[in-house]
Amino acid sequence: MRLFLMTAIAVGTLSAASLTMTSEAEARQSTKSFSCSAVRALIDRRGAVVLSTTSSRVYNRFVRNFQFCPTRTFAVRKSVPTTTGACRVTYCDNTPPAFGFAREGTGGNRGFR
């Protein structure tokens with residue numbers, strides 16, 4: 001009986017973990033579902049977040065600052081559509097912008113969930 005109970009607990013725990021991972025992967029939201037302040041707050045809170053901007057199949061990784069960019073990439077600003085209009089956010093790009101300020105990534109990826 002004790003072995004059965006331990007097995008049932010282990011199976012339940014694994015099932016819950018797999019459901020959590022699946023829902024997290026499927027839970028990617030569009031910037032079009034949030035206001036500009038909500039998008040910025042989400043990025044600030046997590047440090048880095050993956051959101052779609054134009055299509056449900058195309059995603060971008062937006063970051064709080066250059067410290068969340070991989071090495072040899074640059075933190076650059078970009079406008080994304082939101083419920084309150086265009087919103088300027090930061091993302092990592094392989095090429096530095098032609099004009100404007102960009103910091104090279106540190107390769108930390110800290111805070112990415």
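What pLDDT does the protein chain average, and what share of the residues score at least 70? In this predicted model, the protein chain has an average pLDDT of 75, and 61% of the residues reach a score of at least 70.

The secondary structure of the protein chain consists of two helices and five strands, in the order α-α-β-β-β-β-β from the N terminus. Of the contacts with a separation of 6 or more, 48% join residues 24 or more positions apart. Buried residues account for 27% of the 113 residues. The accessible surface is about 7,700 Å², with 57% of this area belonging to carbon and sulfur atoms.

Thr82 was examined individually. This residue lies in strand E3 (residues 74–82) and counts as buried because its relative accessibility is 11%, the cut-off being under 20%. Beyond its neighbours within four places in sequence, Thr82 contacts Thr31, Lys32, Phe34, Ser35, Cys36, Val39 and Cys87. Ser37 is 45 residues away from Thr82 in sequence, with a C-alpha to C-alpha distance of 9.3 Å. The side chain of Thr82 also reaches the backbone oxygen of Gly85, at 2.5 Å.

Methods:
Residues numbered from 1 in each chain as written. Predicted model: local features only at pLDDT ≥ 70, side-chain atom pairs only at ≥ 80, totals over all residues. Heavy atoms only, no water. Helix = DSSP H or I, 4+ residues; strand = E, 2+ residues; numbered from the N terminus. Buried < 20%, exposed > 50% of the residue type's maximum accessible area, 1.4 Å probe, protein only. Contact = heavy atoms within 4.5 Å. Polar contact = N/O pair within 3.5 Å; in protein donor to acceptor, adjacent residues only side chain to side chain. pLDDT = per-residue confidence, 0-100. Areas by Shrake-Rupley, 256 points an atom, 1.4 Å probe, with all protein chains shown as cover.
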